[in-house]
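Hi everyone, thanks for coming. I have one model to walk you through today, so let's bring it up.

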Amino acid sequence: MAVKLDPVPQIYFEDVTVGDELPGFSYPLDWTEMVKQVSGSQDFYAVHHDPPFAQSGGHRTVFYNTGWTRAQLYRLLADFAGPEGWVRRLHFEMRRMNMPDDVITVSGTVVAKEQTDDGNAVEIDLSIANDREGVATPAHGTVLLPSRE
């Protein structure tokens with residue numbers, strides 16, 4: 001059976017205000033998610049799927065990789081930008097690990113907006129936090145939004 005996804009609504013530059021919070025998302029990280037991220041990314045480095053190997057390197061257990069982290073942040077920005085928007089830039093810092101049994105929350109806040117020669121730019125501070133350590137990945141992104149005019 002096919003999964004029906006609701007289309008992402010379009011937000012326009014004029015609708016955005018500094019201080020707006022993006023509609024973020026949360027979900028638990030389990031071993032199924034770990035298998036999906038390892039197989040989908042083709043990142044078979046054992047630190048992402050073999051707990052004893054990860055522990056031999058000083059980690060508590062396996063952890064989610066850079067591509068997975070980037071994808072969560074891009075998902076938030078792309079969903080916010082909508083089908084006519086564009087993710088212009090993303091910068092993030094992986095400061096802590098996201099591991100199986102964590103519950104993550106991906107969130108963001110509009111910190112600036114400006115009409116530029118490139119388009120209607122909206123600056124967003126965003127992050128991935130987990131219930132074990134708090135903010136694991138602080139980030140900053142820019143999206144270009146269409147105008148109602």
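I'll start with the overall fold and then turn to the largest pocket.

First, the ground rules: this is a predicted model, where local features need pLDDT of at least 70, side-chain atom pairs count only at pLDDT 80 or more, and totals for chains, interfaces and linings use all residues. Residues are numbered from 1 along each chain as its sequence is written, and side-chain values use heavy atoms, with hydrogens and water left out.

The protein chain has three helices and five strands, in the order β-α-α-α-β-β-β-β from the N terminus. Those elements are DSSP runs: H or I of at least four residues for helices, E of at least two for strands, numbered from the N terminus. Along the principal axes, the C-alpha atoms fill a box of roughly 55 × 40 × 25 Å. Of the 149 residues, 42% count as buried, meaning under 20% relative accessible area with a 1.4 Å probe, protein chains only.

Now, which residues lie nearest the centre of the largest pocket? They are Val8, Leu22, Pro23, Asp79 and Phe80, out of 16 lining residues. A pocket here is an open set of points on a 1 Å grid over the protein atoms alone, where a 1.4 Å probe fits, with protein on both sides within 12 Å along at least five of seven lines; lining residues have an atom within 4 Å of a point. Helix 3 (residues 66-81) gives the largest share of that lining, four residues.

Technical notes: Buried < 20%, exposed > 50% of the residue type's maximum accessible area, 1.4 Å probe, protein only.
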